[in-house]
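I begin with the overall picture and then turn to one helix.

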Amino acid sequence: MDNNNTTLSPNSLAFIALSNEYCAAMEAAATMSPLEFAKTMLRLLPRIYMAASDLRTDSLDEAYIDPAMDEDAYNAVVSAVQALLGEHDTYLEVFEEDMKYSDTPIAASIAEGLADIMQPLYNFVEVVRDAPDELIEAALAAVAEDFRAYWSRVLCNQLRAINALVYSDALENF
């Protein structure tokens with residue numbers, strides 16, 4: 001393969017498309033019903049997990065993506081999802097590291113978790129938009145490393161909480 005004309009793998013292309021679709025769904029949360037939003041997340045999150053876990057990270061030693069999502073945009077997404085889910089936004093987190101030292105349950109927010117996933121994906125999508133393949137490869141390595149270090153766990157926790165909402169019928173009449 002020629003270094004000047006790299007070709008992105010099908011998984012890399014799928015990950016880019018899924019990242020874009022996830023960000024668009026998060027930005028459109030206020031226009032959806034709670035059940036429609038939850039089902040959309042339940043459809044996207046496992047696919048993102050699978051695509052991200054298959055990304056290669058060996059292209060660069062130190063990969064970094066400049067932040068594109070500012071605090072106001074992050075807070076707007078959190079607020080929109082919290083308003084959409086209402087009382088169903090909070091769930092008990094059992095996989096929190098501090099849980100083993102606590103006698104009380106630790107509450108977590110679906111909205112914050114989903115926004116925590118959106119932030120690196122949004123930053124990634126902004127970097128790869130109209131970028132050359134070499135820059136896309138570096139951005140893929142950076143987002144894959146961040147996935148392994150942090151947001152893979154967040155994604156799994158959100159998937160569990162949203163799955164409970166959808167299949168308990170909690171959002172049916174909400």
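1. Of the 174 residues in the protein, 43% are buried, a value that, like every other in this note, comes from a predicted model. The protein exposes about 9,600 Å², and carbon and sulfur atoms supply 50% of that area.

2. The protein has five helices and two strands, which follow one another from the N terminus in the order α-α-α-β-β-α-α. Where contacts in the protein join residues at least 6 apart in sequence, 78% of them link residues at least 24 apart.

3. The largest nonpolar core holds 57 residues, and those touching the most other members are Phe 15, Tyr 22, Met 41, Leu 114, Phe 124 and Trp 151. Two or more residues come from each of helix 1 (10–27), helix 2 (34–53), helix 3 (71–85), helix 4 (110–128) and helix 5 (133–167), with helix 5 giving the most, 14 residues. Leaving aside residues up to four places away in sequence, Met 41 touches Tyr 22, Ala 25, Met 26, Pro 46, Leu 114 and Ile 162.

4. In helix 3, the buried residues are Tyr 74, Val 77, Val 78, Val 81, Leu 84 and Leu 85. Viewed down the axis of helix 3, these buried residues fall within an arc of 130 degrees, and therefore line one face of the helix. Their cover includes helix 1, helix 2 and helix 4, whereas the face turned away from the buried side carries the exposed residues Glu 71, Asp 72 and Ala 83.

5. At the start of helix 3, a side-chain oxygen of Asp 70 comes within 3.3 Å of the backbone nitrogen of Asp 72, while just after helix 3, Gly 86 takes a positive phi of about 55 degrees.

Notes: Residues are numbered from 1 along each chain as its sequence is written. This is a predicted model: local features need pLDDT of at least 70, side-chain atom pairs count only at pLDDT 80 or more; totals for chains, interfaces and linings use all residues. Side-chain values use heavy atoms; hydrogens and water are left out. Helices (H or I, at least four residues) and strands (E, at least two) are DSSP runs, numbered from the N terminus. Buried means under 20% relative accessible area, exposed over 50%, partly exposed in between (1.4 Å probe, protein chains only). Contact means heavy atoms within 4.5 Å. Accessible areas come from the Shrake-Rupley method with a 1.4 Å probe; for residues, only the protein chains shown count as cover. A nonpolar core is a set of buried Ala, Val, Leu, Ile, Met, Phe, Trp, Tyr and Cys residues joined through side-chain atoms within 4.5 Å. The arc is that of the directions from the helix axis to the C-beta atoms. A polar contact is a pair of N or O atoms within 3.5 Å; within protein, one must be able to donate a hydrogen and the other to accept it, and residues adjacent in sequence count only if both atoms are side-chain atoms.
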